[in-house]
Amino acid sequence: YYCFYYTVASEHRSWLLYFSLPVLHGILPDPYFTHYSLLVEAMHILLSESISTASLLSAERYLHLFCQNMATLYGDDACTMNSHLLKHLPDCVRNWGPLWAYSCFSFESMNGHLKAHFHGTR
């Protein structure tokens, strides 16, 4: 039994980029595997050492297709804010460089800043 809850970010990255596609091939039905492959390829590009403009456009296209097909494959409930935020990652790379070069937890960090302004039960 392997629990992702107790793994660290580098293990998640290794699973996503290197192990998940070979392991899941033949297990996931083809439409789901192809859909997941879009996410893996996009993240592989966005986490690269050097990213060309053409590669960045490919990652953007892959993430757009990934988000576009979420509802069809998984239902409307799967279309969360987190899935929408994936579409903004190419813009983050354009502005600040590859994802590995800075914190990807800016939204969670902002929640902490906002929470500090609220006190009591209201």
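User: Is glutamate 60 buried, exposed or partly exposed?

Analyst: Glutamate 60 counts as partly exposed, because its relative accessibility is 28%. Buried means under 20% relative accessible area, exposed means over 50%, and partly exposed is in between (1.4 Å probe, protein chains only). Keep in mind that this is a predicted model: local features need pLDDT of at least 70, side-chain atom pairs count only at pLDDT 80 or more, and totals for chains, interfaces and linings use all residues. Residues are numbered from 1 along each chain as its sequence is written, and side-chain values use heavy atoms, with hydrogens and water left out.

User: Ok, and what does the side chain of glutamate 60 meet in a salt bridge?

Analyst: The side chain of arginine 94, at 2.7 Å from N to O. Glutamate 60 sits in helix α3 and arginine 94 in helix α6, so this pair ties together parts that are 34 residues apart in sequence. A salt bridge here is a side-chain nitrogen of Lys or Arg within 4 Å of a carboxyl oxygen of Asp or Glu.

User: How many salt bridges are there in the whole structure?

Analyst: The search finds 2. In the other entry, aspartate 91 meets arginine 94 at 2.9 Å, N to O. Those two residues both lie in helix α6, 3 residues apart, which is about one turn of the helix. Glu60, Asp91 and Arg94 are therefore linked in a network of salt bridges.

User: How accessible are aspartate 91 and arginine 94?

Analyst: Aspartate 91 is partly exposed at 34% relative accessibility. Arginine 94 is partly exposed too, with a relative accessible area of 39%.

User: Switching topic: how many helices and strands does the protein have?

Analyst: It comes to 7 helices and 0 strands, so read along the sequence the pattern is α-α-α-α-α-α-α. Helices (H or I, at least four residues) and strands (E, at least two) are DSSP runs, numbered from the N terminus.

User: Which residues touch the most other members of the largest nonpolar core?

Analyst: Leu39, Met43, Leu46, Leu63, Phe66, Leu86 and Leu89 do, out of 23 residues in that core. A nonpolar core is a set of buried Ala, Val, Leu, Ile, Met, Phe, Trp, Tyr and Cys residues joined through side-chain atoms within 4.5 Å. Two or more residues each come from α1 (9-24), α2, α3 (53-68) and α6 (89-96), and α2 gives the most, with 9 residues.

User: What is leucine 63 in contact with?

Analyst: Leaving aside neighbours within four places in sequence, leucine 63 is in contact with Leu39, Ala42, Leu46, Leu86, Lys87, Leu89 and Pro90. Contact means heavy atoms within 4.5 Å.

User: How many aromatic pairs are there?

Analyst: There is 1. Tyrosine 32 and tyrosine 74 pair edge-to-face, 5.3 Å centre to centre, with 65° between the planes. Tyrosine 32 is in helix α2 (residues 30-46) and tyrosine 74 in helix α4 (residues 70-74), so the pair ties together parts 42 residues apart in sequence. Rings of Phe, Tyr and Trp (its six-membered ring) pair if their centres lie within 6.5 Å; planes under 30 degrees apart count as stacked, over 60 as edge-to-face and the rest as tilted.
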